[in-house]
Amino acid sequence: MERPVRVRFAPSPTGPLHIGGVRTALYNYLFARRHGGTMILRIEDTDSQRFVPGAEEYINEALAWLGIGIDEGVREGGPHGPYKQSERRDIYREHVKMLLDRGRAYIAFDTPAELEAARAATPNFQYDARTRGSMRNSLTMPAAEVQALIEAGTPYVVRFMVEPGRDVVVDDLLRGKVTIKSDILDDKVLYKSADDLPTYHLANIVDDHLMEVSHVIRGEEWLPSAPLHVLLYEAFGWQDTAPAFVHLPLLLKPDGKGKLSKRDGDRLGFPVFPLEWHDPKSGEVSSGYREKGYLPEAVVNFLALLGWNPGDDTELMDMDTLIAKFGFDHCSRAGARFAFDKAKWFNHQYLQQTADSTLAAALRPVMEARGVDMSPFSDEYVTRAVATVKSRINFVVDLADQAGFYFRAPGSYAEKDVRKRWTPGTPALMEHLCTILEAAPSFAAADTEPLVMDWIKGNDLHMGNVMNAFRLAIVGECKGPHMFEVTEILGKEETLGRLRAAIDRIPAPDEPAV
């Protein structure tokens, strides 16, 4: 009988969630939902020295913003809790004892100084079958001495005993069978008495087993630890229920070699965290995709395609579509280059699909922050304004740059456009244009555009000179959406007011500005 799909995302609260970790969480989520399974969020906080206040809350908030739903976890609860490793000490102690009783692990008292001396004396030293016999551990010391040291509170660690001369096979759904010689593995530390906590290697295996995890989907950087985990499943007698492994490809730098880092984002000007992060120790603020104006749907779509494809040329996929299409048969083994400009493209595409009214509501606080009182403008007015510039934006904040003139008349005029488009005869042309527009039966574009076009053609005027000067007077620069859509939204009074203000304020060539 096939096991129910149960996956886990298991971050450590040692800082903000890196975008590579977000992709791992996303792939776990897509796989679980694709197979009607369960998504677990487990907080791996056994490294007490690296714990950072606020990191756990950040992780939960980031996943919620992205729409990565959690079925079992610290906040959600569930039948396999606690879901925070620091609250599972009794469970780990029990399993440490189990390995010791079975002779699959041993206690070691070597001090940091003794370990350093061993490394200095032996090139490429590692604690294993070749060296453990010369170290201070329960394999080389009398049982009574070991017990006395423990009772005296002497710090110790528990190491896993790796048997040499074995081929350890890791069956990876993405990479196939990976065989590692056990001789190259060291006797990893599983538990430290100093803080009464297990290391990643033990806690990870025990929790995955007890939480009935069916698939361990994690980053490629964890592949070297997989052979040890295979041996641990065997040592506990759990090999028949061990999860399937999937080690995902790395996210690579946009340029050069190596994996993506925060320094790459700082250097090239893009976020590497989903949300803005305020470091509680240094006070440093790191940018986030949410605060930069990215839509969560765009970030999810962008990340999903970094190392996976749907098997066709489809690029735009919402979460439901991604779930329906996701599988490891189209996952790459090679690292995925982080093409951050593509994230902007996705954001642009999703903004185009966003309702004009939604964007209008998002624009209001942006304009208010720029000192514009938005209360005089109706929702209909703002929505119509947004619709004319929507195709030009990559972020909501771009609306303020593209549509700002709808809410504030020009306070100045672009100098280069004035020099090029405002000639000695321009004020008279604009005066005449005011007369034409004043007589318009309505200010709908369908009425004003043919009226102005007929005037230009009938008087053999230069189209570019008239229309660019007109735009300069209304917008403040020679760019923007279709002029007669603009004037229809602004209305007759505002349009004529701006035209007459420009006639008064824009100087003729070689005259000072008013």
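In the predicted model, Phe125 is found in the loop between helix H4 (112–121) and helix H5 (143–151). With a relative accessible area of 17%, Phe125 falls under the 20% limit and is therefore classed as buried. When its neighbours within four places in sequence are left aside, Phe125 is in contact with Ala118, Arg119, Thr131 and Met135. His80 lies 45 residues from Phe125 along the chain, and the C-alpha atoms of the two residues are separated by 40 Å.

The backbone at Asn124 has a positive phi of about 55 degrees, although the residue is not a glycine. A positive phi of about 55 degrees is likewise found at Asp460, which is not a glycine either. Asp460 is placed in the loop between helix H17 (445–458) and helix H18 (463–475), and at 71% relative accessibility Asp460 counts as exposed. A further backbone feature concerns the peptide bond from Gly81 to Pro82, which is cis, with omega near 0 degrees; Pro82 is located in the loop between helix H2 (55–66) and H3.

Charged side chains were examined next. Side chains of opposite charge can pair when their charged atoms come close, and with a cut-off of 4 Å between the side-chain nitrogen and the carboxyl oxygen the count comes to 38 salt bridges. One of these joins Asp90 and Arg93, with an N to O distance of 2.3 Å. Because Asp90 and Arg93 are three residues apart in helix H3 (residues 89–101), about one helical turn separates them. An α-helix has 3.6 residues a turn, so residues three or four places apart point the same way. Within this pair, Asp90 is exposed at 57% relative accessibility, whereas Arg93, with a relative accessible area of 34%, is partly exposed.

A salt bridge is also formed by Arg175 and Glu220, whose closest N and O atoms are 3.5 Å apart. Arg175 lies in the loop between strand E5 (167–172) and strand E6 (176–181), and Glu220 in the loop between strand E9 (215–219) and helix H7 (226–236), so the pair ties together parts that are 45 residues apart in sequence. Arg175 counts as buried at 17% relative accessibility, while Glu220, with a relative accessible area of 25%, is partly exposed. The side chains of Glu284 and Lys262 likewise meet in a salt bridge, at 2.9 Å from N to O. This pair links distant parts of the chain, with Glu284 in the loop between strand E12 (277–278) and strand E13 (285–286) and Lys262 in helix H8 (residues 262–268), 22 residues apart. Glu284 has a relative accessible area of 40% and is partly exposed, as is Lys262, for which the value is 24%. Salt bridges that share partners, moreover, join Arg8, Arg42, Glu44, Arg88, Asp207 and Asp208 into one network.

His247 lies in strand E10 (residues 244–248) and, at 0% relative accessibility, counts as buried. Its side chain makes a polar contact of 3.1 Å with the side chain of Arg218.

Helix H11 (residues 340–353) comprises 14 residues, which at 1.5 Å a residue should span 20 Å; the end C-alpha atoms of this helix are 21 Å apart, in agreement with that expectation. Its buried residues are Phe340, Ala343, Phe346, Asn347, His348, Gln349, Tyr350 and Leu351. The elements that cover these buried residues include H8, helix H9 (296–304), helix H12 (356–369) and helix H14 (396–403). H8 is also the helix in which Lys262, the partner of Glu284, is located.

A search of the whole structure for cavities of 30 Å³ or more finds one, and the largest cavity has a volume of about 30 Å³. The lining of this largest cavity is made up of Ser12, Pro13, Thr14, Glu44, Asp45, Asp47, Ser48 and Phe51. Among these lining residues, Glu44 is also a member of the salt-bridge network that contains Arg8 and Arg42.

How values were computed:
Residues numbered from 1 in each chain as written. Predicted model: local features only at pLDDT ≥ 70, side-chain atom pairs only at ≥ 80, totals over all residues. Heavy atoms only, no water. Helix = DSSP H or I, 4+ residues; strand = E, 2+ residues; numbered from the N terminus. Buried < 20%, exposed > 50% of the residue type's maximum accessible area, 1.4 Å probe, protein only. Polar contact = N/O pair within 3.5 Å; in protein donor to acceptor, adjacent residues only side chain to side chain. Expected span 1.5 Å × (residues − 1). Contact = heavy atoms within 4.5 Å. 1 Å grid on protein atoms, 1.4 Å probe; cavity = no way out; pocket = protein on both sides within 12 Å on 5 of 7 lines; lining within 4 Å. Points joined across faces, edges and corners; volume = space filled by probe spheres on them.
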